[in-house]
Amino acid sequence: MGRAFEYRKATKMKRWGNMARVFTKLGKQITIAVREGGPEADTNPRLRVLIQQAKKENMPKDNVERAIKKATDKDHSDYKEVVYEGYGPYGIAIVVETATDNPTRTVANVRSYFNKHGGSLGTSGSLEFLFDHKCVFKIAAKEGVSLEDLELELIDYGVDEVEADEEDILLYGDFKSYSEIQSYLEENGFEIHSAEFERIPNDTKELNEEQRTQIEKLLEKFEEDEDVQNVFHNMAEGE
């Protein structure tokens, strides 16, 4: 218990500090969700959660509607979700999740970032064993429901970790258990603030300050790229 939570607290989605970036990321996720499950939130669970998340992030309704329309508009390019894996300097494993309408451009950019910062792009699936792929739900606390009771209840639905996060609750579950966990939460009246997929390292590597700075410059290059949705790595967090 606590490993995933501590890792997440330390990395706190730095790239989401920029409001425009939040909206861009959510917009792409909404478009992809509509393409996969249709434009009606009532019958598309993933879209339902993303719309709730967009409200929580104060994303304008126009932006949400535009993202939905983009999925049904034949004139718009289609987004593809592509995952790239590679190593940065000092053997740091890095997984880059993208949503792109031009994979040729995206892979060229990702490869150039690795190469220019002393790393190398690897083959797909080569780093999967180094990370646990988790779904992470942030929900509002519910009066009369303790963390212990909630954890016991949700074990059967694939949740393996429950943590308090300020006024909210974080639930960590197996990647494949996403839909079962969402169904339980909705059927039992829990307010879902967000639902993410995260790759949590099984083990982390300690680096000195100079080495960390070099890795962070590489991570920033990925995070500045508009095609990049998430970046995960196994570098231990600094003090």
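I began with helix α3 (residues 45–56), which packs with α7 at an angle of about 60°, their axes 11 Å apart. For me, helices are DSSP runs of H or I with at least four residues, strands are E runs of at least two, and both are numbered from the N terminus. Axes are lines fitted to C-alpha atoms, for helices over the stretch in contact, and angles run from 0 to 180 degrees between N-to-C directions.

A note on my source: this is a predicted model, where local features need pLDDT of at least 70, side-chain atom pairs count only at pLDDT 80 or more, and totals for chains, interfaces and linings use all residues. Residues are numbered from 1 along each chain as its sequence is written, and side-chain values use heavy atoms, leaving out hydrogens and water.

Next I asked which residues of α3 meet α7. I found P45, R46, R48 and V49 in α3 meeting Y178, Q182 and E186 in α7; contact means heavy atoms within 4.5 Å.

Then I turned to the sheet. Four strands form an open sheet in the order β5-β6-β4-β7, with antiparallel pairing; two strands pair if DSSP finds at least two bridges between them. I noted β5 (159–165) and β7 (192–201) as the edge strands, each pairing on one side only. From one strand to the next, the twist averages 25°.

Back to α7 (residues 178–187): this helix packs on the sheet and touches β4, β5, β6 and β7. Its direction makes about 10° with that of β4.

Last, I checked one pairing. Seven bridges join β4 (residues 131–140) to β6 (residues 168–174), and K138 has L170 in β6 as its bridge partner.
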